[in-house]
Amino acid sequence: LLGAIRGGDIGKLFPDTDPEWEGADSMKLLAAVAGKVREEGFQIIDVDSVIAAQAPKMAPHRQQMRENLAAAMGIAVDNVGVKATTTEHLGFEGRQEGISATAVALLARCS
């Protein structure tokens, strides 16, 4: 979202050197970013994401993730996609050392 509005990266808004953000709730950070998107004159149309993880299985949590993300961004749940994939035991995700996620967002400039 920040990239789409040329708003810098997440560390620009919420620097990890600022104790205020230590242990911050990621949904609150997302809501703040969505607010910045709107302040800059954009509307969030659609967000689609892919989580790469060998484990745990994401399917049981997929709908709740969609609902949480939609609520934080202030958009309809039908406009949020969450998919998951394994890396077939390749890379740090495959070795279960971590999880990665990629997202793409479609925004529209408000008139």
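Biologist: Leaving aside its neighbours within four places in sequence, which residues is Thr87 in contact with?

Modeller: Thr87 is in contact with Ala52, Gln54, Glu93 and Gly94; contact means heavy atoms within 4.5 Å. Please note that this is a predicted model, in which local features need pLDDT of at least 70 and side-chain atom pairs count only at pLDDT 80 or more, while totals for chains, interfaces and linings use all residues. Residues are numbered from 1 along each chain as its sequence is written, and side-chain values use heavy atoms, with hydrogens and water left out.

Biologist: Why is Thr87 called buried?

Modeller: Buried means under 20% relative accessible area, exposed over 50%, and partly exposed in between, with a 1.4 Å probe and protein chains only. Thr87 has a relative accessible area of 19%, and therefore it is buried.

Biologist: What makes β1 and β3 a pair?

Modeller: Two strands pair if DSSP finds at least two bridges between them. Strand β1 (residues 42-52) and strand β3 (residues 100-109) have ten bridges, in the antiparallel sense, and Ile44 stands opposite Leu107 in β3. With β2, β1 pairs in the parallel sense over six bridges, and Val47 stands opposite Val80 in β2.

Biologist: How does the chain cross from β1 to β2, and what is the hand of this crossover?

Modeller: The chain passes through helix α3 (residues 62-73), and this β-α-β crossover is right-handed. That term applies if, with the strands pointing away from the viewer, the path from the first strand over the helix to the second runs clockwise.

Biologist: Where does Thr87 lie, and what is 2.6 Å from a polar atom of its side chain?

Modeller: Thr87 lies in the loop between β2 (80-85) and α4 (91-94). The backbone oxygen of Leu90 lies 2.6 Å from a polar atom of the side chain of Thr87. A polar contact is a pair of N or O atoms within 3.5 Å; within protein, one must be able to donate a hydrogen and the other to accept it, and residues adjacent in sequence count only if both atoms are side-chain atoms.

Methods
Helices (H or I, at least four residues) and strands (E, at least two) are DSSP runs, numbered from the N terminus.
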